[in-house]
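Here is a short briefing on one protein model.

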Amino acid sequence: IDKYAVALDVVPGMPAIVEKGLELLQISGDKQREVKRHDLKVAIKEIGRRIVVMVDDLDRLTGQELIEVLKVLDTNGAFPNMVFLTSFDKRYVNDVLNSYLGLENQGRAYTDKYFTVEIPVPLHPSFRLMDYLVKLLKDAAKSGFVKMDAASVEGQTRKQMNYIMPRLRTIRDIKRFANQFLYDYAEVQRDVLFRDYLLLELVKYAHPKDYEALYRLQYIHRG
C-alpha cells in the first residue's frame, strides 16, 4: 500500500479506511515501487467499468485522518470511471476540520471543496424515532431484562414523548440512549419508578452538566 500512497501523494500512516480504498487501485503484476499516476489511469480505464468506492463513517475520524481521506478523494476523483460515494454528519466533520486546521467559520463548509454533488438525507419523522425507542424498550421487557410488561413500558415511555423527542433527534441518539438507559436501569429497577428513571437518564444523556449538578446536589437549597 505504501507505493500507492507515494503515487497518490498520501502521507504514510493513513487510517485503515484509506488503505482499503487504495487496495481497489492495485495493478496486477510486479511494478516499480513508485507507481506513476499514468499507470493507475491506464489500469482503471482498461477495466472498462465504473468503479464506485464507498466511504462511510467519516464523522468518526480525527482531523488528521479526515485530511488524509479528503486528499485521497481529491486526487483520485479525476481518474476515469471512478466515483466516490461518502456519508457523514456534515456539521460535525467540518467542525473537526476547522478545529484541526485552526480556521474561522468562513460561512462555507470546508468539505464543499471536495464534493460536486450533495444529497441531504431526509430527517426521520419524530413519531418513527419514538416508535423505534419504544420497540427497543419493549423488546427488553419481553426478554425479561426489564421486569415490567411490555404494554406498561410502551405506555409510560410514550407519555414522555414531549420531553424525549426534542433531545433524541437521530437513530444513533435513540440507540445510544436506549443502551444507556437499559444498562443503568437493570441494576436499580426494583428501587425506582420506570418513568422517573427514564427522565433522569434523559437528563444524563442530553444534559450531562445538569446531571452532574444534580448528582452534586447543586440544585438543592437548604433553608
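The largest pocket has a volume of about 1,900 Å³. Its lining counts 43 residues. The model is predicted, and the figures below are computed from it.

**Pocket centre and lining**
- Which residues lie closest to the centre of the largest pocket? They are Ser87, Phe88, Asp89, Lys90 and Val121.
- Five elements are listed as giving two or more residues each to the lining: helix H4 (63-76), strand S2 (82-86), helix H5 (90-101), helix H6 (126-142) and helix H9 (171-188).
- Strand S2 gives the most to this lining, with five residues.

- Sorted by class, the lining of the largest pocket holds 20 nonpolar residues.

**Fold**
- The protein has eleven helices and two strands.
- Along the sequence, the order of elements is α-α-α-β-α-β-α-α-α-α-α-α-α.
- Take the contacts between residues at least 6 apart in sequence: 66% of them join residues at least 24 apart.

**Burial and surface**
- How many residues does the protein have, and what share counts as buried? There are 223 residues, and 33% of them count as buried.
- The protein exposes about 15,100 Å².

Methods. Residues numbered from 1 in each chain as written. Predicted model: local features only at pLDDT ≥ 70, side-chain atom pairs only at ≥ 80, totals over all residues. Heavy atoms only, no water. 1 Å grid on protein atoms, 1.4 Å probe; cavity = no way out; pocket = protein on both sides within 12 Å on 5 of 7 lines; lining within 4 Å. Points joined across faces, edges and corners; volume = space filled by probe spheres on them. Helix = DSSP H or I, 4+ residues; strand = E, 2+ residues; numbered from the N terminus. Nonpolar A, V, L, I, M, F, W, Y, C, P; charged D, E, K, R; others polar. Buried < 20%, exposed > 50% of the residue type's maximum accessible area, 1.4 Å probe, protein only. Contact = heavy atoms within 4.5 Å. Areas by Shrake-Rupley, 256 points an atom, 1.4 Å probe, with all protein chains shown as cover.
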